[in-house]
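Colleague: Could you take me through one part of this model up close, the sheet and whatever packs on it?

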Amino acid sequence: MQRAAAAPGDPQSYPAAPDVFIEQRDGGLVAACFFAMASPCELLLDTGDLEQAQRIGLVAAGEAARIEAKFSRYRSDSVVSAINRSAGTTVELDAETAALIDYAARCYELSSGLFDITSGVLRRAWKFDGSDRVPAQSEIDALLGLVGFDRIDWRAPHMTLAPGMEIDFGGIGKEYAVDRALALVEAQSDCALLVNFGGDLRTNRPPAAGPWRVAIERPDTDREARLLLDVTQGGLATSGDTHRYLVRDGVRYGHILDPRSGWPVRDAPRSVTVAAGSCTEAGMYCTFAMLNGAGAEELLERAGVPFWCLR
Amino acid sequence: MQLKRPNPPLRLGLMAASCALLGSTSAKAQTATDEKQPWQVDTAFLYYKENAGRLQTIEPIVNLKKDFGDQRILDGTFILDALTGGSPNGAIPSRKPQTFASPSSASITPKAGAKTTLYTIAPGNLPQDPNFNETRVAGDVGWSQPIGIDNSLSFGGHVSTEHDFTSAAVNAAVSHDFNSKNTTLSAGFNEEYDQISPRGGTPVAATDYTLLERQANKNKNVAGALVGVTQVMSRNWLAQLNYSYDRSQGYLTDPYRIVSVVDGSGSVTGYRYESRPGSRVRQSLYLSNKVALGPTVLDVSYRRGKDNWGVNSDTVDTHLRFDLGHYVYLEPHLRWYRQSAADFYHLYLNQADPLPTYMSADPRLAAFTATTIGVKFGIKLSHIGGLSLRLEQYQQRPTDRSSPLTQLQGLDLNPGLKAAIVQIGWQQEY
């Protein structure tokens, strides 16, 4: 049996941390900024110690780079790509990857199959480029044969994925990176911290001067959609389909695909922001909400979590 | 998804799943490189043999070390020590045969029923108990971890037990880095408690060896403190300066050692149990330098020891490590040591002189110089471990070893000591 290791054979061989830039912000805060996971990322620290900000900024950046390198489906040397290339052979996963698969399995159950890490193959048919190109039903039907978490033979740490099936950690990876990065930097610092990877964030506690003031970008052509929030503790995540949709016959198809029908979820909110204990949890509520389309708000209300929906 | 009824199962389920995910990975707060830290196990066999039929020991040593990431390190050492052979009892050689009792019987005029093992020393030979046999089990465990960014804390414990001696100790130290981690200040303390229960009872100090005066078991304690500074002098030079202070209190006498009493001609007329002061203060100043000269590493240290018993010492210790290719290294070792005698050290006592309060003929309290010459040869087997062989020779040359008294002329009263050390070690990661 092979190990699902990132080529060239070592899943731990991740790149050096990206460059980190230090900025002083209002309120005596320091920001360590870098670019990772296709997003602007920052670590905010309630300290005047620029050296410390630089040092632990590098820790956060390094963790983001590590997770991106290990789990990005866009990188041919990632563990996810290695799994997706396994073509029916059984692979053995490392503990961290196995924990993520277990989490995905639980989310699949909790959402009655709506959240499915195997649904990405549907993107082969759907191109959300603002055009009106809707795929043929036969094309969708063919791909649906490759979708379904229950088709994976998963007995930790061994996974067998049918040929043609693929997994990805969309909806999990970035949020998980935020939580991981916070845990790492928190262990090396005793000040209030906020990790923000492209709008998905988590904090350990508010700065001495008061809550973190966070601006969530929700670009929208019609309205001023910037959401200003005060955050004191826990995670916050945002999902949206602002730029990725199709319009056909007056119907707007967002990029969230229902793995059961193979079609975009109808009437999903443009954007949803959820607060929860961790960024990973908040992110999954967002994903669940989007997958529920018109029922997004109701789902979040029933769950009893703070949320902000934009339709 | 079930939208038509309240959904606490979703909330609880997602919370539990997230906690399982983050707890499984972030509780360890580790980076991927840490996941690979294995247990490092060093196993060694030490063979030590003194000349002239004196002590020898075979000692298995196991050291376990584990880095839990973030510089949190657990370290433990276990030693089993089997000592056999002869141990000098403190008496001087004589022109006549001398008879002594092994400590288990402890008297040359045994009471009825007492088990007695006597040994007789031929004229001119150094008296030593040939029946010495002791097994010692000792264990050490230590933990060190950073506190915040620039500080670290370490603490540990030690226990050791043998038939007549039990020792327990604790220690703790803190260190603080500053000057961009180029300077480290450290401070520590240790506290040791020992219980001595000699075979055959504890002799009353300074009493006549034949009278068998005994007292209750004794104990002692040692409290010590250390302060030090480590400084990065340049890219390839590290210097360290330590000062330590140790104070021992309690029963510091060796229950098995005696002192010969001679008359004016040098003939042995009797023996006294030795007697040492009940407190001892030792201070030392230690300067160490590690210098990297390319792949070769030079380690030179000097220690000045000061002792209120008068045993002042100087030690110069040098290690040089050469890499011979990628897999083989050679480490020559040279150590030179000198000490002055304890104020109450006597080769023997004169019958005519008044009996001193404190007296000892322990060769370890005599003035001597000693050298250790050795070499260690090691093979690194990448990813598997390493093998090493250490060969050393130790030689002790006492300063004071003869007497002008007629009967003692021509006798070597303290012949010193030669010892050979062979250690084979195996290092492996699991």
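Modeller: Let's start with strand 8 (residues 193–197) and strand 9 (residues 200–203) of chain A, which pair in the antiparallel sense over four bridges. Here, strands (E, at least two residues) and helices (H or I, at least four) are DSSP runs numbered from the N terminus, and two strands pair if DSSP finds at least two bridges between them. One bridge joins F197(A) to D200(A) in strand 9 of chain A. This is a predicted model, where local features need pLDDT of at least 70, side-chain atom pairs count only at pLDDT 80 or more, and totals for chains, interfaces and linings use all residues. Residues are numbered from 1 along each chain as its sequence is written, while chains are lettered from A and ligands numbered from 1 in the order in which they are written.

Zooming out, both strands belong to an open, antiparallel sheet of eight strands in chain A, ordered 2-3-4-8-9-12-15-16. Strand 2 (21–25) and strand 16 (307–310) of chain A each have a single partner strand, so one side of each is left without a neighbour in the sheet.

Now the packing: helix 5 (residues 173–186) of chain A touches strand 4, strand 8, strand 9 and strand 12 (234–240) of chain A, contact meaning that C-beta atoms, placed from the backbone, lie within 7 Å. Its direction makes about 155 degrees with that of strand 8 of chain A; axes are lines fitted to C-alpha atoms, for helices over the stretch in contact, and angles run from 0 to 180 degrees between N-to-C directions. Helix 1 of chain A packs against helix 5 of chain A at about 145 degrees, with axes 9 Å apart.

Key
Two residues are in contact if their C-beta atoms, placed from the backbone, lie within 7 Å.
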